[in-house]
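Hi everyone, thanks for making time this morning. I'd like to walk you through one structure, so please have a look at it while I talk.

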Amino acid sequence: MRQITLPKRLSVGGCVLAAALFAAAFLPLVVDAYVLRVATVALIWSYAASAWNVAGGYAGQLSLGHGLYFGAGAYGMGYLYETYELSPVIGIAVGALVSIVIAVAVAYISFRTQLGHLAFAILTLVLSLMALRFAAASEALGRQAGLFMPVGRDEPLNLFFESQRTYYWLALVMVALIALYQVKLLRSRSGQYWVAMRDNEAAATAVGVNLLRERLSSNAVSAALTAFGGGLYFLVVGFIDPASVFGIVVTINLLLFAVVGGLGTVSGPIIGASLLVVGAELIRSRVGVGLSGLNQAVYGSAVILIVLLLPAGLVSLPSRLSDRFSSGVERRSPAIRQVEDPIQQVEVDNA
Amino acid sequence: MVTDPTALIQAVVSGLLEGAVYSLIALGLALSLAVTKLLNFAHGSLLMVAMYGVFIASQRGVPVYATALLIIPAFAILGWVAYRILLRRVTDAKFLMQTQMTLGVLFLLEGGALMIAGADPERAEGASLSGSVLRLGDTAVPVAQAINAGVAVAVATALYMVMRYTRLGRSLRALSEDPFAASLCGVNVRRMFSLTWAISFGLLGLAAPLLMMSGTVHPYVGDQYIVVILLAVVIGGIGDLAGAFVGSLLVGLSFALGQVILGSAMALLPAYVLVAMVLLIRPKGLLGTGGEL
């Protein structure tokens, strides 16, 4: 069973992350526009993967439909701006609100019907696919062609910045904020309840955790945060269509970034997203069109290797390495094993 | 919104036939899910690889249907090996780990196919049935689709018989209910799991030539199928092969009707709604025997 350890005031990992984020602030001053753009997108995905991690990693709410919230933020912002000239700030807020409502409804219904993990995951998946269909068919949302954001304008109140650098710093701030939130969360009572709920619902209930409230709150928070990410994505990229924000690929990416980096950790999603986004872009630019599909194949291989070699994610690399080189008295159990039923742990092997 | 009776009847017939074809693919997924409790997201991509296999074989002069004799054993062996080397590592693992693994395989296969074969759709040599249509009154029935549906029904029946009346079937059913107890009763878990995956992959080897007789293959052809068969398996209930068959028919039907009534953009919507309703009202599926969802 994963131990609920209260993190020390200043853990090594925390220091490293803080230093990295601080150093990242200086990036725009030393790189060109292309690299800056890639870095900004990497930050947005880091943020969104962290948002997924809040519900998926800490609270055990495995949603395969976060694309729905991402898209709600993006489309909410775009639609309200285009049709009613409302500031994107309001638009994102509306998108977040819609996401919260949907997330709460889904969490509530699945609690009442006692849906298991797989069913909950598929239900959320189906909902995000439905959203995709609606967006693709809706005239107001631009159908398949999508929506465009005006670029090059400078209206800070509308979150339109002329300089790409400002968007980068905005994304960086959001990543820092969500990291801080997760750190505070882990130490708070809510956070402990969520972790308890994730690890063993029966035991959590026995200790007095209100499962319904924690489920609703974790899903709602995660949904709202993801919606903000969607809005920012639209602002930076300038264009969205149903598939790029509601699609299965979005959800899968959020999930994989978080899991590859390290589920249930603060820096995990950031590391996962940054490495995978930057890596994919590197491959794409070096190899070009000649071997398209290479970055996807490498992505897939990396994911498989991580599952086999580093099931706890990339963040566990330092500790795994130190384990290997230590005297081996205290070997951590692999995170890959599910330790719910002691009997099932017995490896049934009579080949 | 078209509601003229001829179109509706056509939709029902096409839908059921299409659904039967889906079941050919869905049954493999349902089997591996029921017995080994591992949801193979890469099932559609594996089908894609099999279809490319058919394409390559057909280019060397092998008649399309005959490629089955090559691909089925090849894929059965692949399934066995895939379990032993890769899937065994995540069989007992958390759902997220399994998902991560199979998604990784999906990306690897699609990326690899894109690199090796390119993005253009390919048709098999000698795929002579692509245009042929049978006319029954006002209804058009594509010949290839009818053949595929027939094979699907035969396969489903055969699987049902095996599961119900043979020792192998009993072992598999026992494993799907309680692997530990099954092992206590003398079931060789490892071997049965390997066999299950071999069958699951082998069924893909059967479906591929059938699909290639009238269709094309491209790296992302698996994506359309994985969503559809996922819906089918959920509707029918995890742990239930008959359910997967019925679920496939229902998905095919609702897709076809959705296309006629709602237009092709929203065609899958009724299927989504059906799945959502099943999950909320009868999470075990319409015929589910209660796999742990």
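Let's begin in chain B, with strands E2 and E3. E2 covers residues 133-136, E3 covers residues 139-142, and the two pair in the antiparallel sense over 4 bridges. If you want one pair to look for, take Val133(B), whose bridge partner in E3(B) is Pro142(B). The hairpin of E2(B) and E3(B) has 2 residues between the strands, and there Gly137(B) takes a positive phi near 70°.

Before I go further, please keep in mind that this is a predicted model. For the complex, the predictor gives an ipTM of 0.88 and a pTM of 0.87. Chain B averages a pLDDT of 88, and 95% of its residues score at least 70.

Staying with backbone angles for a moment: most residues other than glycine have a negative phi. Lys37(B) is not a glycine, yet it has a positive phi of about 60°. With a relative accessibility of 36%, Lys37(B) counts as partly exposed.

Chain A has a case of its own. Gln114(A) has a positive phi near 55°, and this is again a residue other than glycine. You'll find Gln114(A) in the loop between helix H4 (88-112) and helix H5 (117-137) of chain A. Is Gln114(A) buried or exposed? Its relative accessible area is 70%, and exposed means over 50%, so Gln114(A) is exposed.

Now back to chain B and into helix H2, residues 43-59, where Gly44(B) sits. Gly44(B) has a relative accessible area of 0%; the cut-off for buried is under 20%, so this glycine is buried. Leaving aside residues up to four places away in sequence, Gly44(B) touches Gly222(B) and Ile226(B). Gly237(B) is 193 residues from Gly44(B) in sequence, and their C-alpha atoms are 19 Å apart in space.

Over to chain A as a whole. It has 14 helices and 2 strands. Of its 351 residues, 50% count as buried. If you take the contacts in chain A between residues at least 6 apart in sequence, 76% of them join residues at least 24 apart.

For a helix pair in chain A, look at H7 (residues 189-199) and H9 (residues 211-237), which pack at an angle of about 105° with their axes 10 Å apart. That angle makes H7(A) roughly perpendicular to H9(A). On the H7(A) side, the contact is made by Ser190(A), Tyr193(A), Trp194(A) and Met197(A). The H9(A) side contributes several residues, including Leu211(A), Arg213(A), Glu214(A) and Val221(A).

Last topic: aromatic rings. How many aromatic pairs does the structure hold over all chains? There are 13. In one of them, the rings of Phe22(A) and Phe26(A) have centres 5.4 Å apart and planes at 85°, so this pair is edge-to-face. Phe22(A) is exposed at 57% relative accessible area, and Phe26(A) is partly exposed at 45%. Tyr79(A) and Tyr84(A) also form an edge-to-face pair, 6.0 Å centre to centre with 85° between the planes. Tyr79(A) is partly exposed, with a relative accessible area of 25%. And to finish, ring pairs link Trp45(A), Phe70(A), Tyr233(A) and Phe257(A) into a cluster.

That's my tour, thank you!

Technical notes: Residues numbered from 1 in each chain as written. Chains lettered and ligands numbered in written order. Predicted model: local features only at pLDDT ≥ 70, side-chain atom pairs only at ≥ 80, totals over all residues. Heavy atoms only, no water. pLDDT = per-residue confidence, 0-100. Buried < 20%, exposed > 50% of the residue type's maximum accessible area, 1.4 Å probe, protein only. Contact = heavy atoms within 4.5 Å. Phe/Tyr/Trp six-rings, centres within 6.5 Å; stacked < 30°, edge-to-face > 60°. Pairing = 2+ DSSP bridges. Axes fitted to C-alpha atoms, helices over the stretch in contact; angles between N-to-C directions. Parallel < 35°, antiparallel > 145°, perpendicular 65-115°, else oblique.
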